[in-house]
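Work through the exercises below with the model open beside you. Each task comes with a worked solution.

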Amino acid sequence: MLLSGGQPPPWALPVACVGTIPAFWLTQRLTASKVWRGAVAAGWMGMCLSLPTYLPPRTQETMMSSVFAFIVPLKGFQMLLSPPENLPKAALPSVWAWLKQFAFNAFPVSEVPPGKRPPLSKIATSTITTVIAAALKYYAHPIMYQVMYTLATRDVKPVAPLTILFTLETMRGTWSQDLQCAAVQVLSGGRYALQPFNDWVILSTSVGEIWGTRYNKLISSLLRDTVYGPCKRAGLSGSSSLLASFAMSGVLHMYVARVVFQKGEGQTMSFFLLHAAAILGERSLSNRFPKIAAKVPAIVKAALVTCFMWASLPLYGGLFVEAMPKMLIEPTFKADWADAASAWVTSRL
């Protein structure tokens, strides 16, 4: 169908992504040449990247498809050319070792070391807190959705309020993922933990903390494995490895911008390079003036970081705001009280 100029079938991308594991594993078995391995990986990645381009623009489905089309072969690329240090050193990694690496990125559950496992009282407290947070997110979503939908459909779209609301929506994470984290911890008795997507991003006291430990931890760990780690093992400095990681993140999001919004590649890369520069600047200032940095209250640092995020977000987030309301995720339920609350909030914006 592709050769005849038609669109690929719906199953083409899932099959291509899943097929990355046996295809790259077999390549690793057949040749030790990094040139041939790189050629196979690049060709396979090119095929995966071509598939979402046939999808309709400005939809959540196209965005998620484009992300997976990029990160799955990227992980395979790294496994072929620079396998992680925790893989078996003897001979070549087995299919099981490959599966475990990819499975973690799909469902990031890890075993908690015996000495760090929480007591039952802490598990109970954490579970209650997580369930309450999930409930608040669940019931707040229809209000946020209606507010953003109403603002986005005005004759003159108010960009600033929508950008702030979009930032809050991005930082909050999802109620379903919160419940999954709680379920894994409770059912395993604290032996296993599911890596959360976000970790209270609003509390970040530095730009480095946002990207390193709080926001989108799945992509953060992926880039650490696929870019930062290999760069460090190749002898690059920490700063150069960080820049390479943000550049690769920029390339990923440039691809998403092209497929989903069909524009904005330059400003997208500018956003990620700006944040890389901000992190390097933070480190330099902290090293030069450690006493002053230690005296600045955490709430002041968090406020400054939040202002920086809101000021720089239009470079990339502006693409989402411009595409609203089409890019909004509809809530799982609707209620009169949610409509009334959203109407009250919208009337004051």
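A residue counts as buried under 20% relative accessible area, as exposed over 50%, and as partly exposed in between. Keep in mind that this is a predicted model.

**Exercise 1. Classify Glu111 by its relative accessible area: buried, exposed or partly exposed?**

Step 1. Take the value for Glu111, which is 46%.
Step 2. Apply the cut-offs: under 20% is buried and over 50% is exposed.
Step 3. Glu111 is therefore partly exposed.

**Exercise 2. Find which residues are linked with Glu111 in a network of salt bridges.**

Step 1. Recall the cut-off: a side-chain nitrogen of Lys or Arg within 4 Å of a carboxyl oxygen of Asp or Glu.
Step 2. Join the pairs. Glu111, Arg117 and Arg191 make up the network.
Step 3. Arg117 is partly exposed at 27%. Arg191 is partly exposed at 39%.

**Exercise 3. Describe the salt bridge of Asp178 with Lys137. Are its partners buried or exposed?**

Step 1. Get the distance. The closest N and O atoms are 2.7 Å apart.
Step 2. Asp178 is in helix α7 and Lys137 in helix α5 (residues 120-152). They lie 41 residues apart, and the pair links distant parts of the chain.
Step 3. Check accessibility. Asp178 has a relative accessible area of 12%, so Asp178 is buried. Lys137, at 18%, is buried too.
Step 4. A search of the whole structure finds eight salt bridges.

**Exercise 4. Characterise the second largest pocket by volume, lining and residue class.**

Step 1. Read the volume: about 940 Å³.
Step 2. Inspect the lining. It has 31 residues. Nearest the centre lie Asp178, Pro196, Asn198, Asp199 and Trp200.
Step 3. Assign elements. Those giving two or more residues to this lining are α5, α6 (159-172), α7 and β2. α5 gives the most, with nine residues.
Step 4. Sort the lining by class. There are 16 nonpolar, eight polar and seven charged residues.
Step 5. Connect with Exercise 3. Asp178, the partner of Lys137, is one of the residues nearest the pocket centre.

Conventions. Residues numbered from 1 in each chain as written. Predicted model: local features only at pLDDT ≥ 70, side-chain atom pairs only at ≥ 80, totals over all residues. Heavy atoms only, no water. Buried < 20%, exposed > 50% of the residue type's maximum accessible area, 1.4 Å probe, protein only. Helix = DSSP H or I, 4+ residues; strand = E, 2+ residues; numbered from the N terminus. 1 Å grid on protein atoms, 1.4 Å probe; cavity = no way out; pocket = protein on both sides within 12 Å on 5 of 7 lines; lining within 4 Å. Points joined across faces, edges and corners; volume = space filled by probe spheres on them. Nonpolar A, V, L, I, M, F, W, Y, C, P; charged D, E, K, R; others polar.
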